[in-house]
Amino acid sequence: MLHEILLSLSGHPSPLLRNDHSNAAAAALISPPERQLLATAGHLSQLHCRIKDETGYISGHHPSVICRAVSTAIVTIHLAAFQRKILEVEDSILRKDAALVGAYNIVPLTAVLGQFSGWTRRLEWLRDLVEFMTADEGREDRLPCQAAQLIDRLRADLQTGYADVSDTAQSLLRVAETAWLKQVSAWVLYGRRPTVGGYDFFICEDEEEEHGYRIDYDLLPSFVTPSTASSMLFIGVSINRARSRSSTDLGASGLGHLASQHLELAKLSSPLNSTMFTRAITTIRYTLSRTTLQKLLPLARVLEVLKVLREFFLIGRGEFAIALTQQADEKIRARWQRADNIAYEKRDTLGTVVMKEGEVAAVLTRTWAFLSSMQGQHADEDEALELARDMLRLRVSKSTEAVTPAKGSSDRARDRLLDAMVPTPFRNLLFSVPATLTMQIQYPLDLFLTQSDLQIYTAINSYLLSIRRAHLRLTDLWKITSLRRHHPPPPRAPYGNTRGGIARTKLLRERWSLRSSIMRSTWSTSSAAIFFLGETEAYLQVEVVEGLWSHFHDWLTGAGGESARREHGHPSPSHESSLESNPNPVQNPASSAEGADSDSPTSHHQPAHPNHDPQTLSTAHRQYLSALTHRLLLTQRTFATPLYELLVQIDQLAALAGRLHAVWASADLEADEGVVDAFSDIEAEERDVRAQLRGVERRVKFGIEDVVAALRALSLDEGFAAEMEGEEEEGEGPEDLDAGGNGDGDGGGVGRYRPRRVGGIDRLLMKLDFGGWKKRDKENENERGDLAGR
C-alpha cells in the first residue's frame with residue numbers, strides 16, 4: 001500500500017487513492033482517520049498529475065515565451081523538488097529511518113503523509129497558476145495569458161503572507177522577469193523584436209505608425225512606467241534607423257558599448273524595481289546618444305531646425321509674414337481679374353477663382369524671391385532662409401479643420417494636445433481655401449521631431465498669421481491716399497482764382513467733406529480694431545512666444561544655467577572651478593556609466609554645456625509646444641471662435657473699404673472726365689457698399705467686445721487658472737523618474753525642462769480697456785438684436 005501511495009504521489013494515477021471508500025466493505029477495512037489520510041494523499045496525487053499535464057501543454061503550445069518559461073520552471077524546479085521529496089521518503093523507509101519506521105517495521109501512514117504537509121498549499125497555488133495561464137486558451141473573444149498579466153500576478157502573489165507561496169512565486173517571478181528582460185535586451189541593444197513568442201511583447205509593428213512601431217500599453221508590466229516604455233521604443237527605433245540609413249557598419253561605433261549596456265541590465269535583480277529599471281534604461285539611452293545619435297543629430301543641427309520653426313512658423317521673422325500675405329493677396333486679385341475677363345458663358349462657377357495646389361506653391365516661391373531680394377547684393381548669406389527654402393512647403397489641405405489627427409501618433413500626450421486644440425479654421429483666411437505651411441521631416445530630424453509636432457506648429461502658424469494678416473490689411477487702408485486726403489487736389493493758381501476754378505474747388509471740397517463724413521465711422525472702427533490686433537499680437541508674440549522660446553533656447557544651449565543657479569543660491573561654474581574641495585560634482589547616468597567621460601574638463605561644468613539626447617529633446621520640445629499652445633489660448637474654444645469670426649469681419653471691412661474706394665474712383669472719372677460705364681449703376685452700388693460697410697462696422701465692434709468678454713471670462717475662470725498653473729506638471733518624460741533629477745539638478749536650469757510661466761491675460765485686458773464706444777448701453781443692445789435678426 002505504501003508503494004502504491006508513493007507511486008501515485010509521483011504522478012501515476014492509482015485507483016486506490018481515487019476511490020472514496022464509502023461502501024460498507026471498504027468502511028469495514030479502513031477506519032475514518034485512514035480514509036481521511038488516503039483522501040489527502042489522493043488530493044496531492046491529483047494536483048501533481050494535473051499540474052504535470054497542464055505544464056506539458058503550456059510548454060509545448062502556449063504562444064507566450066514567458067508563460068512557457070514559467071511552465072518549464074514549474075516542472076524543472078518545483079515538481080522536481082516534490083519528486084525528490086518522494087524519493088527521500090522512500091529512501092528513509094527502505095533504510096528504516098526511525099523518523100518513519102516504528103517498532104516491528106511498522107510505517108505509520110500519518111508519518112508518511114506528514115512529510116508532505118508543506119506541499120499541499122504550494123501545489124494548490126501552482127495549480128491555480130497554471131489554470132490562470134490556460135484560462136483563456138481556445139477562446140476566440142480573448143487572447144491567451146500574456147507576459148504582463150503573468151508577471152503582475154506573480155508580483156501580487158509575493159504579498160500573500162505565506163512564506164512557502166512567497167518563495168515559490170519569487171522563484172517563478174525570477175524566471176519570468178529574466179525571460180522578459182531577454183526580450184527587452186534584444187530590443188534596446190540591437191533593435192530587434194522577439195522572433196519567437198513575441199505576440200505579447202509591448203513593442204508592436206504597425207505600418208500606420210510614423211516610426212513603424214507602437215507601444216501596446218496593455219502588454220506593459222506594472223513596474224514599467226509609460227515614460228520608460230517610450231524610452232525603450234525610442235532606443236529600438238533609433239538603432240533600427242541608424243542601421244538602415246547608415247552606410248557604415250555600426251559595430252565599431254554604435255554597438256561598441258554593448259558590454260557596459262549588458263552589464264546595466266545584468267545588475268537588475270528580481271523582483272525588478274521600477275526606479276532601478278528606469279535608471280538602467282536611461283543609462284542605455286544616454287550611452288546610445290553619446291556614441292551614435294549625437295554624431296547623426298548634433299545639437300547644432302537641432303538648433304538650426306528649431307530656429308527655422310521659430311522664425312517662419314511662429315512668425316519670428318516679420319518680413320516673411322508680410323511678404324507671404326502680400327503675395328497671397330496679389331495672387332487672389334489676379335485670380336479674380338482673370339475670372340472677370342473670361343466670357344460669361346465659359347465661367348465655371350467658383351472653379352475659376354479657387355486656388356489650386358500649384359498656385360499656392362508658387363506664392364511661397366515668390367515669397368522666397370522677395371525675401372532674397374531684400375538682403376542686398378553684398379549681404380551675408382542667410383543660412384536660416386536657405387534652410388527654410390529647402391524644407392518648407394505651402395500646400396492646400398484636404399480638410400477644412402485646423403487640427404487633424406496625426407498619422408502614427410504613438411505619444412498619448414501629443415494626442416491629448418491635438419484633441420484639446422480647437423478646430424477653428426484659421427488656415428482658411430490666407431487664400432480662402434485651407435492652406436497650411438508644412439515642413440519636410442527627414443532623417444535624422446525625425447528622432448526628435450514628429451508629424452504631430454509639425455501639425456501643432458502648422459495650427460499655431462495659421463493662428464498667428466491670420467492675426468498678422470488682418471492687422472496688415474487694416475493698416476494698408478491708410479496707404480490709400482485718396483481715402484484720407486483731398487483727391488484730386490483743387491486747381492492751382494492762376495486757374496484756381498477764376499470763377500471756374502473757384503467752382504471746381506468748391507465742388508471738390510463738398511465732395512471730400514461728404515466722403516469724409518461717410519468714412520469717419522470706418523476710420524474709427526479700423527483704428528480700434530488695429531489697436532486691438534496690435535495689443536493682442538504684441539501679447540502673443542512678445543510675452544508668450546518669445547518668452548517661451550528664449551527660455552527653451554537657453555535650456556538647450558545651457559545659457560540659462562548660471563542665472564538659474566544664482567536664483568537657487570548655487571555658485572556659478574566659474575566659482576566652482578576655483579573650489580578644490582569639490583572636484584567631483586554630480587554627473588548624469590550616462591557620464592557615470594563610463595569613467596573616461598568623468599575625467600574630461602567639461603564634465604565639471606555640465607550645466608554650461610548640456611548634453612541632451614534626442615529623447616530628452618523630444619520630451620522637452622513636447623512640453624514647450626504644450627505650454628505654447630495653452631498660453632496662446634488655442635485650447636480655449638470660447639476665445640478662438642469669436643476671434644476667428646472677428647478676423648473674418650475685419651477682412652470684409654478692408655475689402656468693402658477698398659471696394660468703396662473703387663466706386664468713388666469710377667464716380668469721379670464719370671463726373672470729371674465723362675467716362676461712363678454703361679453696365680454699372682454707380683449710385684446704387686455705392687448705396688449697397690455703404691450699407692454693407694455700416695453692418696460690418698457694427699459686427700467688428702461687437703466682435704471685439706465678444707473677444708474681450710471671452711478674455712475676461714477666462715481671467716475669472718478657476719478651471720482655466722488651474723490649467724495654466726498645472727500645465728508644467730503634465731507630460732512626464734523619462735527625466736521625471738531618473739534618480740537625482742538627471743544629474744543636472746538645478747530644476748529651472750538645464751536639468752529637466754520646465755516651461756517658464758509667461759503671459760497673463762490680465763495685463764492684456766488692462767490694455768484693451770481703452771475706449772468708451774465699446775461700453776454697451778441699451779441702444780447698442782437693441783442694435784445688436786436688430787443685426788442678429790437680419
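Helices are DSSP runs of H or I with at least four residues, numbered from the N terminus.

**Figure 1. Overview of the predicted model.** The structure shown is a predicted model. Its secondary structure comprises 30 helices and four strands. Of the 790 residues in the protein, 49% are buried.

**Figure 2. Helix α20 beside helix α27.** Helix α20 spans residues 499-557 and helix α27 spans residues 682-716; their axes come within 10 Å and cross at roughly 25 degrees. Because of this angle, α20 counts as roughly parallel to α27. The crossing of α20 past α27 is left-handed. From α20, the residues I518, S521, T522, T525, A528, A529 and F532 take part in the contact, and from α27 their counterparts are R690, L693, R694, E697, V700, K701, I704, V707 and V708. Sorted by class, the residues of this contact between α20 and α27 are nine nonpolar, three polar and four charged.

**Figure 3. Helix α20 beside helix α29.** The axis of α20 also comes within 10 Å of the axis of helix α29 (residues 761-768), and the two cross at roughly 160 degrees. The pair α20 and α29 is therefore roughly antiparallel. Here α20 passes α29 in a right-handed crossing. The α20 side of the contact consists of F531, F532, E535, T536, Y539 and E543, while α29 contributes I761, R763, L764, K767 and L768. By class, six residues in the contact of α20 with α29 are nonpolar, one is polar and four are charged.

Figure 4. E535 belongs to helix α20. Its relative accessible area is 21%, so E535 is classed as partly exposed. Apart from neighbours within four places in sequence, E535 is in contact with L764, K767 and L768. For E535 and K767, the separation is 232 residues along the sequence and 7.1 Å between C-alpha atoms.

**Figure 5. Helix α20 beside helix α25.** Helix α25 covers residues 614-631; the axes of α20 and α25 come within 10 Å and cross at roughly 165 degrees. At this angle, α20 is roughly antiparallel to α25. A right-handed crossing is found for α20 and α25. In α20 the contacting residues are Y539, V544, V545, L548, W549, F552, W555 and L556, and in α25 they are T616, L617, A620, H621, Y624, A627, L628 and R631. The contact of α20 with α25 holds 13 nonpolar, two polar and one charged residues.

Figure 6. L633 is placed in the loop between α25 and α26 (637-673). Although L633 is not a glycine, its phi is positive, at about 65 degrees. L633 counts as buried because its relative accessible area is 2%.

**Figure 7. I315 in the loop between α13 and α14.** The loop that holds I315 lies between α13 (299-313) and α14 (318-341). I315 is a residue other than glycine with a positive phi, near 55 degrees. With a relative accessibility of 3%, I315 is buried.

**Figure 8. The cis peptide bond at P271.** The peptide bond leading from S270 to P271 is cis, and its omega is near -5 degrees. P271 sits in the loop between α11 (258-266) and α12 (274-296).

**Figure 9. L37 and the residues around T110.** L37 is part of helix α4, which covers residues 32-61. When neighbours within four places in sequence are set aside, the contacts of L37 are L109, T110 and L113. L37 and T110 are 73 residues apart along the chain, and their C-alpha atoms are separated by 7.1 Å.

**Figure 10. Cysteines of the predicted model.** There are zero disulfides in the structure. C67 is in no disulfide, and its nearest cysteine sulfur, that of C145, is 4.0 Å away. A pair of cysteine sulfur atoms has to lie within 2.5 Å to count as a disulfide. C67 has a relative accessibility of 0% and therefore counts as buried. C204 is also buried, with a relative accessible area of 12%.

Conventions:
Residues numbered from 1 in each chain as written. Predicted model: local features only at pLDDT ≥ 70, side-chain atom pairs only at ≥ 80, totals over all residues. Heavy atoms only, no water. Axes fitted to C-alpha atoms, helices over the stretch in contact; angles between N-to-C directions. Parallel < 35°, antiparallel > 145°, perpendicular 65-115°, else oblique. Left-handed = near helix turned anticlockwise from the far one by under 90°. Contact = heavy atoms within 4.5 Å. Nonpolar A, V, L, I, M, F, W, Y, C, P; charged D, E, K, R; others polar. Buried < 20%, exposed > 50% of the residue type's maximum accessible area, 1.4 Å probe, protein only.
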